[in-house]
Number of protein chains: 2
Amino acid sequence: MNADFEHLLQKYADLTIKVGLNLQPGQRLLVVDLSNLGVALEAAPLIRKIVASAYRHGARFVDVMWADNQVRLARYQYAGRDTFTELPVWMSRDLLEHVQAGEPLLTVIARDPDLLKGQDSELVAQEQRTRRHVTHPAELYIERNAINWCVVGAAAPLWAAKVFPDLPGEEATSRLWQAIFKVCRVDQDDPISAWETHIRELARREKYLNQKGFSALRYRGPGTDITIGLPEGHVWASAQMRSETGILFTANLPTEEIFTLPHRERVEGYVTVAKPVSVDGTLVEDISLRFENGRVIEARAKTNEAILRRLIENDEGASHLGEVSLVPHSSPVSQSGVLFYNILFDENAASHIALGAAYRFSLRDGQSMSDDEFAAAGGNSSVVHTDLMIGTAEMDVDGLLKSGDMEPVMRHGEWAFSV
Amino acid sequence: MNADFEHLLQKYADLTIKVGLNLQPGQRLLVVDLSNLGVALEAAPLIRKIVASAYRHGARFVDVMWADNQVRLARYQYAGRDTFTELPVWMSRDLLEHVQAGEPLLTVIARDPDLLKGQDSELVAQEQRTRRHVTHPAELYIERNAINWCVVGAAAPLWAAKVFPDLPGEEATSRLWQAIFKVCRVDQDDPISAWETHIRELARREKYLNQKGFSALRYRGPGTDITIGLPEGHVWASAQMRSETGILFTANLPTEEIFTLPHRERVEGYVTVAKPVSVDGTLVEDISLRFENGRVIEARAKTNEAILRRLIENDEGASHLGEVSLVPHSSPVSQSGVLFYNILFDENAASHIALGAAYRFSLRDGQSMSDDEFAAAGGNSSVVHTDLMIGTAEMDVDGLLKSGDMEPVMRHGEWAFSV
């Protein structure tokens with residue numbers, strides 16, 4: 001590693017620990033990527049900086065659970081089909097106990113988007129079902145912000161090769177790091193202060209939207225005319241949140257979105273998804289969906305439509321929306337012009353909606369509701385939560401006021417109100 | 001990786017799975033390095049072949065617990081001194097439950113012998129105490145061969161740099177791989193058949209020594225004249241053992257030794273250790289010890305004598321012997337002329353003794369004895385087990401028969417009897 005890269009990596013690590021997790025002295029940090037059964041080995045250069053930064057900020061212990069992509073792939077190639085109910089030993093109880101103890105969790109993503117391309121989709125689904133079955137209890141804690149948690153990315157060769165297919169290996173990885181540093185504002189002189197400014201602006205827009213209390217949003221653009229109802233008591237949120245342990249943290253780096261939950265039964269119209277989506281390691285491209293009474297009644301994709309259908313058929317909630325999120329088209333991720341093939345980044349290039357679970361904290365008193373109460377209030381539940389980017393430079397969004405009037409929220413993909 | 005290297009790595013992986021573990025279809029394999037809190041990332045090329053081989057031989061699941069050397073080091077550099085009682089989440093219960101279920105365990109060593117050089121030895125000792133406290137219950141199962149288990153090595157850059165300090169980085173690693181392939185007979189046409197022949201020869205010598213039932217061994221050579229009592233009911237063992245689950249396995253690759261337990265109170269004389277010993281990551285060199293009534297009464301080392309003293313002071317058993325092992329000076333490891341700075345290899349270059357715990361299976365009915373019964377029979381117990389290589393080309397070993405007669409066992413470092 002050259003000195004410049006080392007320095008940027010260090011700034012990124014410090015940003016993750018300070019702004020992302022806001023790690024407190026004495027906390028015990030678990031570093032993982034649950035979807036991948038552990039952090040990919042290729043993330044080692046960043047992980048080492050993060051671990052050092054966490055200890056310098058007073059971590060009691062940093063526990064890194066690694067998993068190798070090639071080891072995972074070997075299972076698909078050679079293991080018996082009836083063995084995909086097995087999981088790493090630590091995933092069930094230890095993960096749950098960690099979050100129950102109020103300790104922070106950092107996810108570092110360095111996935112190969114095409115890792116499981118061509119593998120039997122039944123096995124892929126089985127592996128994910130098994131994984132979710134044991135990680136779901138812990139994910140409920142994370143989802144409700146019981147702990148301070150954060151997700152960041154690390155450039156890895158196979159991921160970089162997908163993003164920059166025309167560049168030779170090392171150059172592609174180097175370019176992907178540059179793109180990550182750019183969209184995470186790590187290349188600015190003082191990334192931490194840049195993020196504090198950015199987080200404050202998002203918070204002002206969040207406050208504006210909460211004060212408006214729109215009952216629905218209408219999206220119009222090429223291939224899209226959809227009205228998404230917002231339930232009574234919906235809460236817009238943005239970058240910074242407060243954990244139940246009282247810590248202000250930023251769950252995603254980068255993050256450009258302001259989001260809430262839609263009403264699971266009040267979505268009408270059709271929508272064209274502007275970017276490919278990675279579902280369990282397989283890319284689904286050119287998705288279009290039609291909704292009636294909140295439910296997907298038509299689902300198409302030019303590639304891997306079967307994966308899309310399986311996603312939607314996971315459970316009843318997988319065919320309803322659980323998130324609606326506004327992102328200006330001029331966001332740094334969009335400006336970078338890079339398609340990251342990873343939702344952490346790509347969701348910040350465009351306004352999006354998500355199929356599957358809604359966050360309880362997106363609804364006033366949502367945390368204390370029973371499942372039935374949450375559903376009755378319009379909240380969606382599912383084992384899945386998959387973002388679909390629908391925003392484009394042509395997208396207009398209007399908010400429906402309780403008075404019945406419409407008010408512009410976005411025009412040509414940009415905010416239509418000032419704060 | 002070039003095709004030749006790939007091919008040798010594949011043969012080594014298959015040897016590990018077939019001869020080392022003798023993995024059975026349907027078994028769930030855990031791959032670790034407990035002393036290092038997990039397998040070093042640098043072992044990835046071998047691990048990937050091992051995982052594929054395990055699945056091809058019917059493994060139900062292969063669970064690899066990784067740990068990064070640099071992550072471990074960052075803790076020493078930045079973490080609070082009072083935090084060294086923390087451990088990875090999976091080490092306590094999950095490890096124990098795995099061995100209690102009768103499932104196999106593979107240790108892959110790719111350690112940097114100097115990783116913790118210069119670190120506070122109190123912290124090193126605390127980290128190891130913490131680790132042993134939680135892994136000890138599982139290690140008791142492993143020690144008594146409740147499961148099929150195996151230890152192998154993987155060349156890693158920092159380890160290779162220690163072994164071949166005059167070679168540039170990649171060349172050193174490549175040379176270390178060559179040395180490992182050589183001493184593990186992986187460079188032979190059919191390593192599995194070569195090992196079957198080797199294991200049979202060791203078994204015949206083991207049988208000979210068991211039939212003799214010597215009451216003591218006397219070692220003589222430069223700087224050494226020591227008599228080591230062997231308890232009534234001692235059992236010589238060699239490469240192949242049978243697990244309580246009924247599986248024939250070979251716990252170490254390479255292995256050249258035939259070993260049993262000494263009587264913990266019947267060791268008299270002095271001994272010079274021929275090779276450096278790595279204790280908790282620090283090399284202790286030029287050790288000499290004097291024993292009286294089985295106990296170390298004088299311990300010297302030219303470098304890191306303090307580490308040697310701390311080792312011996314771990315507990316009462318750490319100043320007594322728990323193993324006596326015979327290895328011909330012409331063994332492949334000795335012939336390679338390579339000092340591996342790793343006990344898995346170096347113990348096979350020379351006859352050795354071990355400070356610390358004896359294996360229960362080295363004593364007839366030892367498994368079913370209480371701790372007091374085992375001690376009364378001459379068996380040693382301790383949290384440590386550290387091998388000290390004492391064999392040289394000048395070493396003579398004689399066995400004391402119950403008749404009082406002496407009989408040659410080794411002359412000039414080689415076997416003095418045929419089988």
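How many salt bridges are counted between chain A and chain B? The count is 6 salt bridges. The model behind this count is predicted.

## Interface between the chains

Chain A and chain B bury about 3300 Å² between them. Carbon and sulfur atoms give 62% of that area. In terms of contacts, 33 residues of chain A meet 33 residues of chain B.

A salt bridge joins the side chains of B:R48 and A:D68, at 2.6 Å from N to O. The rule also finds 8 residue pairs in polar contact across the interface of chain A and chain B, both residues at pLDDT 80 or more.

## The chain A side

Which elements of chain A give two or more residues to the side that touches chain B? They are helix 2 (44-56), strand 3 (61-64), strand 4 (66-67), helix 3 (69-78) and helix 4 (93-100) of chain A. Helix 2 of chain A has the largest share, 7 residues.

By class, this side of chain A has 19 nonpolar, 2 polar and 12 charged residues.

## Two domains in chain A

The domains of chain A touch through 26 residues of domain 1 and 26 residues of domain 2. The area buried between domain 1 and domain 2 of chain A is about 2100 Å². Carbon and sulfur atoms give 63% of it. On the side of domain 1 of chain A, A:R132, A:E143 and A:V183 lose the most area to domain 2 of chain A. Together they account for 28% of what that side buries.

## Polar links and elements at the domain boundary

How many salt bridges does the rule find across the interface of domain 1 and domain 2 of chain A? It finds 0. Polar contacts are present, with 3 residue pairs counted between domain 1 and domain 2 of chain A, both residues at pLDDT 80 or more.

Four elements of chain A give two or more residues to the domain 1 side: helix 5 (121-143), strand 6 (149-153), helix 6 (157-163) and helix 7 (169-183). Helix 5 of chain A gives the most, with 7 residues. The domain 1 side of chain A has 15 nonpolar, 4 polar and 7 charged residues.

## Backbone exceptions

Most residues other than glycine have a negative phi, and most peptide bonds are trans. The following places depart from that pattern.

The peptide bond from A:L253 to A:P254 is cis, with omega near 0°. A:P254 sits in the loop between strand 10 (248-250) and strand 11 (258-260) of chain A. In chain B, the bond from B:L253 to B:P254 is cis, with omega near 5°. B:P254 lies in the loop between strand 10 (248-250) and strand 11 (258-260) of chain B.

A:H412 is not a glycine, yet has a positive phi of about 50°. Its place is the loop between strand 20 (406-411) and strand 21 (414-415) of chain A. Is A:H412 buried or exposed? A:H412 is exposed, because its relative accessible area is 55% and the cut-off for exposed is over 50%.

B:D286 is not a glycine either, and has a positive phi of about 55°. B:D286 belongs to strand 14 (residues 282-292) of chain B. At 46% relative accessibility, B:D286 is partly exposed.

Technical notes: Residues numbered from 1 in each chain as written. Chains lettered and ligands numbered in written order. Predicted model: local features only at pLDDT ≥ 70, side-chain atom pairs only at ≥ 80, totals over all residues. Heavy atoms only, no water. Contact = heavy atoms within 4.5 Å. Buried area = accessible area lost by both parts, 1.4 Å probe. Salt bridge = Lys/Arg side-chain N within 4 Å of Asp/Glu carboxyl O. Polar contact = N/O pair within 3.5 Å; in protein donor to acceptor, adjacent residues only side chain to side chain. Nonpolar A, V, L, I, M, F, W, Y, C, P; charged D, E, K, R; others polar. Buried < 20%, exposed > 50% of the residue type's maximum accessible area, 1.4 Å probe, protein only.
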